[in-house]
Amino acid sequence: MHIAEGFLPPVHAVAWGVASAPFVVHGARSLIREVREHPESTLLLGASGAFTFVLSALKLPSVTGSCSHPTGTGLGAILFRPPVMAVLGTITLLFQALLLAHGGLTTLGANVFSMAVVGPWAGYGVYRLLRRYGVPLMVAVFFGAFAADLSTYCVTSVQLALAFPDPAGGFLGALGKFGSIFAVTQIPLAVSEGLLTVLVMRMLVQSSRGELTRLGVLVTSVAGRKTADSAEAVTR
């Protein structure tokens with residue numbers, strides 16, 4: 001996904017930066033509030049950022065000027081909501097551009113919009129929709145991570161098609177070409193990322209149940225709370 005340094009026309013690079021900025025600013029406020037009100041969540045926030053950094057650094061060559069890789073943003077979006085992931089994703093992309101020559105500074109806005117804005121919102125939307133209709137947690141987590149990954153590449157295809165329309169087919173022709181090339185590597189990667197995210201979530205359920213309950217990922221039923229309260233009253 002990461003569009004390489006200098007690959008986009010200047011007008012496109014600036015436009016995507018402007019489009020991404022409000023989401024990052026809002027996300028920064030959400031992140032500060034989360035840390036201030038719940039300092040115990042710092043470790044899980046760091047783990048979510050590290051998960052995104054590691055997965056999105058595993059790149060495979062794809063369309064000229066870009067690459068394919070997992071994104072890792074679905075996990076953080078499910079745990080802390082998409083605004084927080086806008087900041088964590090931006091930090092990840094900035095460090096990768098500076099330290100790994102993965103992506104670039106001129107294309108940072110475009111990469112942020114696809115991976116740190118659209119991806120988390122799409123993944124979280126799918127996750128919440130499935131949970132609302134009673135789908136089991138791990139199934140919803142899988143499809144949330146899958147959607148976060150795949151939607152990122154759909155947006156990247158749109159960005160590249162807008163910048164480089166096909167001489168014959170125009171924007172739609174270029175979109176079809178970019179999308180079909182990305183699909184060869186990205187659909188299997190999205191499935192793999194969904195499975196890996198489920199594995200990580202299972203580990204978190206074992207080790208951080210209290211934190212997941214506070215974040216709303218694990219929901220304690222009313223009946224369960226009443227039973228616990230009754231048992232506590234008896235022991236008193």
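Start by selecting T90, which is buried, with a relative accessible area of 15%; the cut-off for buried is under 20%. The model on screen is a predicted one. T90 is found in helix 4. Show the side chains around T90: leaving out residues up to four places away in sequence, T90 touches V24, M85, V112 and A116.

Now zoom out to the whole chain. Colour by secondary structure to find nine helices and two strands. From the N terminus the order is α-α-β-β-α-α-α-α-α-α-α. Of the 236 residues in the chain, 47% are buried. Among contacts with a separation of 6 or more, 75% join residues 24 or more positions apart.

An unreviewed UniProt entry gives "transmembrane region" for residues 41-58, 79-102, 108-127, 139-161 and 181-205. Select 139-161 from that list: this span is 100% helix, and its end C-alpha atoms lie 33 Å apart. Then select 79-102, which is 83% helix and 0% strand, with end C-alpha atoms 26 Å apart.

Which residues have the most contacts inside the largest nonpolar core? Select L79, Y127, L137, M201, L212 and V217; the core they belong to has 30 residues. Helices 2, 3, 4, 5, 6 and 7 each supply at least two residues of this core. Centre the view on L137. Neighbours within four places in sequence aside, L137 is in contact with Y127, R131, V205, V217 and L218. Apart from this core lies another, of 13 residues, including I3, W16, Y153 and A161.

The last stop is the aromatic rings, of which the structure holds seven pairs. Select F142 and F143: the pair is edge-to-face, because the planes are at 85°, and the ring centres are 5.0 Å apart. F142 is buried, with a relative accessible area of 17%, whereas F143 is partly exposed at 38%. How far apart are the centres of the rings of F142 and F146? The distance is 6.3 Å, and with planes at 20° the pair is stacked. F142 and F146 both lie in helix 6, four residues apart, about one turn of the helix.

Finish by selecting W16, F23 and F113, which form one aromatic cluster.

Methods:
Residues are numbered from 1 along each chain as its sequence is written. This is a predicted model: local features need pLDDT of at least 70, side-chain atom pairs count only at pLDDT 80 or more; totals for chains, interfaces and linings use all residues. Side-chain values use heavy atoms; hydrogens and water are left out. UniProt positions are given in the numbering used here, feature names are shortened, and annotations may be inferred rather than shown by experiment. Buried means under 20% relative accessible area, exposed over 50%, partly exposed in between (1.4 Å probe, protein chains only). Contact means heavy atoms within 4.5 Å. A nonpolar core is a set of buried Ala, Val, Leu, Ile, Met, Phe, Trp, Tyr and Cys residues joined through side-chain atoms within 4.5 Å. Rings of Phe, Tyr and Trp (its six-membered ring) pair if their centres lie within 6.5 Å; planes under 30 degrees apart count as stacked, over 60 as edge-to-face and the rest as tilted.
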